[in-house]
Amino acid sequence: MKTLKHTFFATLAAIVPLAACTHAPNLPESPRRVSAGRLYEMRMFSPEMNDTIVVDVWTPDGYNTRTRHHVVYMHDGQNLFDADATWNRQSWNMDSTTRQLIDQKTIPPTIIVGIHSNAATRIGDLMPQKLMDAVHNDTTRATLDDMSGGQYRGEAYLTFIAHTLKPEIDRLFATDPAPTATSIMGSSMGGLISLAAMAEYPDVFGAAACLSTHINNPSEHGGLYEALKIYMTDHLHLDHTRRLYLDCGDQTVDADYTPYFDDMAARIDSLCTAEMQVQFFPGDEHSEQCWERRVAIPLAFIAR
């Protein structure tokens, strides 16, 4: 019955004229500034997380309801557009990069959905409980418990995106709701949860970009990367219709990831038949400035 229901609504979406069911969004514009397109702010209650989530939605220049847009869901949404509004005066400048790729016809018309994180709960919000269950090193667990308060809501966060946020975005905006037009991207812990999104919801997301994925492995035996290997073996099995981008630098925090990066990419390749792109950026550090400089590469890969 679930499959029949899904097929019915997918067919309905295909035959009903888009302009008849999707209108310009009745949403306030975000206080964050952009140099291209328009940025809207949503405040959504998440029953999965029992919390209100701030979401920025960027639409490109020329957005209209007659065109079905690809959608890229991104974590740490407060850092994506306006450097003047971020804690470190750096941003990904997703508005200008996305506009450039659209203008070049490298990617189709694309909407960027930026999900804000809460600094006080971010580590736990972006960490799946299933992954923590595989951490068997007491030092690693104590460190993560101290950073997160011992609350790991990664599964709830992903369920919020897949089952609460995405349907609302599809209702309010002119989107193509298919997995082939829906992707997810983030850096650091955002890279880790994007990888988990492909493991947990491959029927929702057709592609993911994981930049500077948080895979450091303090107290290696039973540490975080050892747990990730178990998690990937148990849950990450992507077929050839899915795409996965991985990258890493080698400075500051990224230097802690480089010993495990090649092994992670090789393991994923052995577990999946997904199309993969793996990039290494010598000299790049763990910062929005570096992610901004290279984000056109993963965006072109996942949103094409």
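Among contacts in the protein chain between residues at least 6 apart in sequence, what percentage join residues at least 24 apart? The figure is 74%. A contact here means heavy atoms within 4.5 Å.

This is a predicted model, in which local features need pLDDT of at least 70, side-chain atom pairs count only at pLDDT 80 or more, and totals for chains, interfaces and linings use all residues. Residues are numbered from 1 along each chain as its sequence is written, and side-chain values use heavy atoms, with hydrogens and water left out.

Start with the overall fold. The protein chain has 12 helices and 8 strands. These are DSSP runs, numbered from the N terminus: helices are H or I of at least four residues, strands are E of at least two. The radius of gyration is 19 Å, close to the 19 Å that the globule rule gives for 304 residues, so the chain is as compact as a globular protein of that length. That radius is taken over C-alpha atoms, and the rule is 2.2 Å times the number of residues to the power 0.38. Along the principal axes, the C-alpha atoms fill a box of roughly 55 × 50 × 35 Å.

Next, burial. Of the 304 residues, 53% are buried. Buried means under 20% relative accessible area, exposed over 50%, and partly exposed in between (1.4 Å probe, protein chains only).

Now the aromatic rings. The whole structure holds 5 aromatic pairs. One of them joins Trp92 and Trp291, with 5.7 Å centre to centre and 35° between the planes, a tilted arrangement. Rings of Phe, Tyr and Trp (its six-membered ring) pair if their centres lie within 6.5 Å; planes under 30 degrees apart count as stacked, over 60 as edge-to-face and the rest as tilted. The Trp pair links distant parts of the chain, 199 residues apart. Trp92 sits in the loop between β3 (70–75) and α3 (94–103), and Trp291 in helix α11 (residues 288–294). Both are buried. Elsewhere, Tyr40, Tyr63 and Phe173 form one aromatic cluster.

Asn93 is partly exposed, at 24% relative accessible area. Thr98 is buried, with a relative accessible area of 0%. Leaving aside residues up to four places away in sequence, Thr98 touches Trp58, Ile107, Thr110, Ile112 and Leu299.

Last, Thr252, in the loop between β7 (243–249) and α10 (254–271). Thr252 also has a positive phi, near 50°. Its relative accessible area is 47%, which makes Thr252 partly exposed.
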